[in-house]
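Student: Could we go through this model together, one question at a time? I would like each answer to end on the name or value that I asked for.

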Amino acid sequence: MDCIFCKIANKEIPSNFIYEDENVIAFNDLNPQAPVHFLVVPKKHYESLNTIDSKEAFADIFSAVPKICEKLGVKEYRTVVNTGESAGQSVFHIHVHVMAGREFTWPAG
Ligand code: 5GP
Ligand code: ZN
């Protein structure tokens with residue numbers, strides 16, 4: 001399957017992981033929207049939030065977020081999961097954006 005995040009997760013494309021465990025990886029976004037902007041990505045391919053098939057998968061992805069933030073000394077942050085093109089999803093392998101280091105406005109644009 002031609003999926004950029006699968007290739008990153010499989011280490012076919014060399015990347016600097018800021019975190020890795022059995023089920024997820026995290027790496028800095030190529031086009032950061034904040035001083036801190038990384039992506040938490042399951043190693044297993046799920047197209048989006050709509051196709052996650054187990055509570056364990058949710059837990060694996062989301063429980064990594066505060067762990068990584070603690071490691072980075074980040075206490076306040078914005079998490080975003082874009083689902084579908086109209087919501088801004090451009091890579092169809094689920095990922096959680098974690099952004100920090102500036103003020104964020106609400107509602108999101
Ligand atoms: P989406 O638009 O699907 O919510 O987010 C995809 C994100 O992945 C974008 O913020 C984009 O900058 C990032 N991205 C796309 N391709 C790559 C890549 O090859 N490496 C990294 N580090 N980030 C990527
Ligand atoms: Zn994938």
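Student: Which residue of β5 is the bridge partner of valine 80?

Tutor: This is a predicted model in which local features need pLDDT of at least 70 and side-chain atom pairs count only at pLDDT 80 or more, while totals for chains, interfaces and linings use all residues. Residues are numbered from 1 along each chain as its sequence is written, chains are lettered from A and ligands numbered from 1 in the order in which they are written, and side-chain values use heavy atoms, with hydrogens and water left out. Strands (E, at least two residues) and helices (H or I, at least four) are DSSP runs numbered from the N terminus, and two strands pair if DSSP finds at least two bridges between them. Strand β4 (residues 78–80) pairs with β5 in the antiparallel sense over three bridges, and the β5 partner of valine 80 is histidine 97.

Student: What is the order of the strands in the open sheet?

Tutor: Strands of a sheet pair through backbone hydrogen bonds, either parallel or antiparallel. Here the pairing is antiparallel, and the five strands of the open sheet have the order β1-β2-β3-β5-β4. The edges are held by β1 (17–20) and β4, each of which has a single partner strand, so one side of each is left without a neighbour in the sheet. Neighbouring strands are turned against each other by 20° on average, direction ignored, and the order asked for is β1-β2-β3-β5-β4.

Student: Which strands of the sheet does helix α2 touch?

Tutor: Contact means heavy atoms within 4.5 Å, and axes are lines fitted to C-alpha atoms, for helices over the stretch in contact, with angles running from 0 to 180 degrees between N-to-C directions. Helix α2 (residues 55–72) packs on the sheet with its direction at about 145° to that of β3. Its buried residues (under 20% relative accessible area, 1.4 Å probe, protein chains only; over 50% is exposed, and in between is partly exposed) are Ala57, Ile61, Ala64, Val65, Ile68 and Cys69. The strands that α2 touches are β1, β2 (24–28), β3, β4 and β5.

Student: How many of the residues of strand β5 are buried?

Tutor: On one side of β5, Val96, Val98 and Ala100 are buried, and on the other His97 and Met99 are buried, which leaves both faces covered. The strand (residues 96–100) is therefore largely enclosed by the rest of the structure, and the number of its five residues that are buried is five.

Student: Which residue of β3 stands opposite valine 24?

Tutor: Four of the five residues of β2 are buried. With β1, β2 forms a hairpin that has three residues between the strands, and with β3 it runs antiparallel, joined by five bridges. The β3 residue opposite valine 24 is proline 42.

Student: What arrangement do the four donor atoms make around the zinc ion (ligand 2)?

Tutor: Donors are N, O and S atoms within 2.8 Å of the metal (3.2 Å for Na, K and Ca), and as water is not among the atoms, sites may look incomplete. Cys3 (SG), Cys6 (SG), His45 (ND1) and His93 (ND1) are the protein donors, lying 2.0 to 2.3 Å from the zinc ion. Four donors count as tetrahedral if all angles lie between 85 and 135 degrees; four count as square planar and six as octahedral if opposite donors are over 155 degrees apart and all others between 65 and 115, and anything else is irregular. The angles here are 105 to 117°, which makes the arrangement tetrahedral.

Student: Is lysine 11 buried or exposed?

Tutor: Lysine 11 is found in the loop between α1 and β1. Its phi is positive, about 65°, although it is not a glycine. With a relative accessible area of 52%, lysine 11 is exposed.
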